[in-house]
Amino acid sequence: MNAPWHLQRMAALDFESSDKDPETARIVTCALILVGGGLPTDTRTWLLNPGIPMEPEAIKVHGITDEYAAEQGLPAERGVGEIAKAIAEIVEGAVPLVGHNIGGYDLNLLDRECRRHLGDGLEEIVRQPLTQVLDTMVLDKQAAPFRRRISETQGPYQMRTTAETYGLPWDEDQAHGAEYDALQAARAAYRMGAIAHTPHRGRPDWVLSLRTNRFNSLRDVTAEELHERQIGWFRENASSYQAWLRNPAKAGEKHDPTAVIDGTWPLRPVPAQREAGDAS
């Protein structure tokens, strides 16, 4: 019998980019780190020249200036090609891709960059569909739902909150670097799987104290089966959030009666207006 999914080899993936919209953002840095499975850790990183000015807020997050990226980064087409090739090798080797919000942001960012620079989508380039993606944001929301915001600036399921919830140390000076965030996501995934595969009474006190926990939905499944479950969980979360935004009594200042939240995961369709041309 194969080892549980959290004990197998994983490929942790994270990007830092020029802005927060995967439809317009360009890759600035990437980390792809093979971890676990009883094998040595293998780390690959890239710095790219995005070729466009970065948003000030993005620079504030990752600390890489336009000038530094232009001087030190790979040309975008070459860098995206190298990253896509590395991902293709991971997928061909049936190693799950893991990351925090990887299906909500990172894979869509890479897909759009592949279309922009390589002329085809990510799944076309890797020559098969993505069927083993582990998104620690989706898994965390499923296993430990209804968490409240930590503060006005720290959301309930952002990377730092997830890491600290599962007992991982957090270094704000290293945070928002692709390598650090990728490793933290892999560690969080491991801890979620470990809790799920621990008998109920042996789980941490904070888990036992939760009014609702669904860790059992993460146990006794393969990475492929967990991927399929995440498709449904993400869709349910999107539908719930859309309903919340449309409800004036609940959403308050964020109320939007026409809000539409796409529930597709892990790769969203290219918006219609972008299909005919550049995804920039």
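These legends describe close-up views of one predicted model. Local features need pLDDT of at least 70 and side-chain atom pairs count only at pLDDT 80 or more, while totals for chains, interfaces and linings use all residues. Residues are numbered from 1 along each chain as its sequence is written, and side-chain values use heavy atoms, leaving out hydrogens and water.

**View 1. Six strands make an open sheet.** The order is β4-β3-β2-β1-β5-β6, and the pairing is mixed. Strands (E, at least two residues) and helices (H or I, at least four) are DSSP runs, numbered from the N terminus. Two strands pair if DSSP finds at least two bridges between them. β4 (74-75) and β6 (133-135) stand at the edges with a single partner strand each, so one side of each has no neighbour in the sheet.

**View 2. Strands β2 and β3 run antiparallel.** β2 covers residues 27-35 and β3 covers residues 42-49. Six bridges join them. Ala-31 has Thr-45 in β3 as its bridge partner.

**View 3. Helix α4 lies across the sheet strands β1, β2, β5 and β6.** The helix spans residues 102-118. It runs at about 70° to β1 (10-17). Axes are lines fitted to C-alpha atoms, for helices over the stretch in contact (heavy atoms within 4.5 Å). Angles run from 0 to 180 degrees between N-to-C directions.

**View 4. The largest nonpolar core holds 69 residues.** Such a core is a set of buried Ala, Val, Leu, Ile, Met, Phe, Trp, Tyr and Cys residues joined through side-chain atoms within 4.5 Å. Buried means under 20% relative accessible area, exposed over 50%, and partly exposed in between (1.4 Å probe, protein chains only). Trp-5, Ile-83 and Leu-218 are among the residues that touch the most other members. Helix α8 (residues 178-196) gives the largest share, eleven residues. A second, separate core has five residues, including Val-28 and Met-54. Beyond its neighbours within four places in sequence, Leu-218 contacts residues including Trp-5, Met-192 and Trp-233.

**View 5. Trp-206 and Phe-215 form an aromatic pair.** Rings of Phe, Tyr and Trp (its six-membered ring) pair if their centres lie within 6.5 Å; planes under 30 degrees apart are stacked, over 60 edge-to-face, and the rest tilted. Here the centres are 6.2 Å apart and the planes at 75°, so the pair is edge-to-face. Phe-215 is buried, at 0% relative accessible area, whereas Trp-206 is partly exposed, at 27%.
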